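Trainee: I am new to this structure. Please pick one part and take me through it closely, from its charged pairs to its helix packing.

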Amino acid sequence: MEENIADGSIDHTESRAVPHAGPGIMLLTASMRLLYKDRRAGELCQQIIRCHDGKTAHGVLPSAVASLVDQIGKTLTVRTDPKDWEQIQLRRVVNTLHSSVLLCGTALIDQTHAQQRILIVISEVGIGAWQDKVLVQAKETFHLTARETTVVRHLLKGWTNKEIANEMNLAEQTIKEYFKRIAEKTRATTRTGIVMTIIHSGLRHALAPPSPQVSVPTMSSLPIELVGAA
């Protein structure tokens, strides 16, 4: 059984100074209403749409994204426990003219089950340098130990506690303790929250040029883009 890091909202930020590299993030409802989409996700979505003759679903979503969200929504009808979604990640690869794009999706469920959100991380396959930069910067920013950094590296691959424990030749309970410490250092409250905090913080420090004033929207702010009612 996976250790449950209590569900809760995460401080999801995006620096507008981040250059066009790395992954993008989208947050939607199960009914495919778009709540949040950062700049990189928008670029990759347009890349997919252009490659598929401009076809979209629900107005602005690439068909592949809509299909993945629909699949997650159907899974949500039978897998409603937040603990289940610490283990579930649905993936899909979409080919475009320039590269392949990887879509990774999971559900975010609060403890009261009052809200269900679907998180999509979208990135170009084969571009792995950003991940190393993210880990180096995250280690420095959050004062992660070498072992904690290794745990985060495997978490970014979507591995379970058991898989990480086997790879590191450690007890699963030890991995759970590492996650508790990582959660405290990143101030995240879920495994997904840890991933998003690490990615955004790492990319912001590793890739963004110096800027005296950066506008940083948060998850609690109004959605950046909205899809019209279906």
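Mentor: Start with R40 and E43, which sit 3 residues apart in helix α1 (residues 39-51), so about one helical turn separates them. Helices here are DSSP runs of H or I with at least four residues, strands are runs of E with at least two, and both are numbered from the N terminus. The model is predicted: local features need pLDDT of at least 70, side-chain atom pairs count only at pLDDT 80 or more, and totals for chains, interfaces and linings use all residues. Residues are numbered from 1 along each chain as its sequence is written, and side-chain values use heavy atoms, leaving out hydrogens and water.

Now the charges. Side chains of opposite charge can pair when their charged atoms come close. A salt bridge here is a side-chain nitrogen of Lys or Arg within 4 Å of a carboxyl oxygen of Asp or Glu. By this rule there are 6 salt bridges. R40 and E43 form one of them, at 3.3 Å from N to O. R40 has 12% relative accessibility and counts as buried. E43, at 22%, counts as partly exposed. The cut-offs are these: buried is under 20% relative accessible area, exposed is over 50%, and partly exposed lies in between, with a 1.4 Å probe and protein chains only. E124 joins in too: R40, E43 and E124 are linked in a network of salt bridges.

Look next at helix α2 (residues 63-76). There D70 and K74 are 4 residues apart, so about one helical turn lies between them. Their salt bridge brings the closest N and O atoms to 3.4 Å. D70 is partly exposed at 34%, while K74 is exposed at 55%. D84 and R79 form a salt bridge as well, at 3.3 Å from N to O. D84 is partly exposed at 24%, and R79 is partly exposed at 35%.

Then turn to helix α5 (residues 161-168). Its buried residues are N161, I164, A165 and M168. Seen down the axis, they fall within an arc of 100°, so they line one face of α5. That arc is taken from the directions from the helix axis to the C-beta atoms. The face turned away from the buried side carries the exposed K162 and N166. After α5 comes N169, with a positive phi near 55°.

A165 deserves a stop. It has 4% relative accessibility and counts as buried. It touches L170, A171, E172 and I175, leaving aside residues up to four places away in sequence; contact means heavy atoms within 4.5 Å. V151 is 14 residues from A165 in sequence, and their C-alpha atoms are 8.9 Å apart.

The axes of α4 and α5 are 10 Å apart, and the helices pack at about 130°. Axes are lines fitted to C-alpha atoms, for helices over the stretch in contact, and angles between N-to-C directions run from 0 to 180 degrees. α4 and α5 are therefore oblique to each other. Under 35 degrees counts as roughly parallel, over 145 as roughly antiparallel, 65 to 115 as roughly perpendicular, and the rest as oblique. On the α4 side, R147, T150, V151, H154 and L155 meet I164, E167 and M168 of α5.
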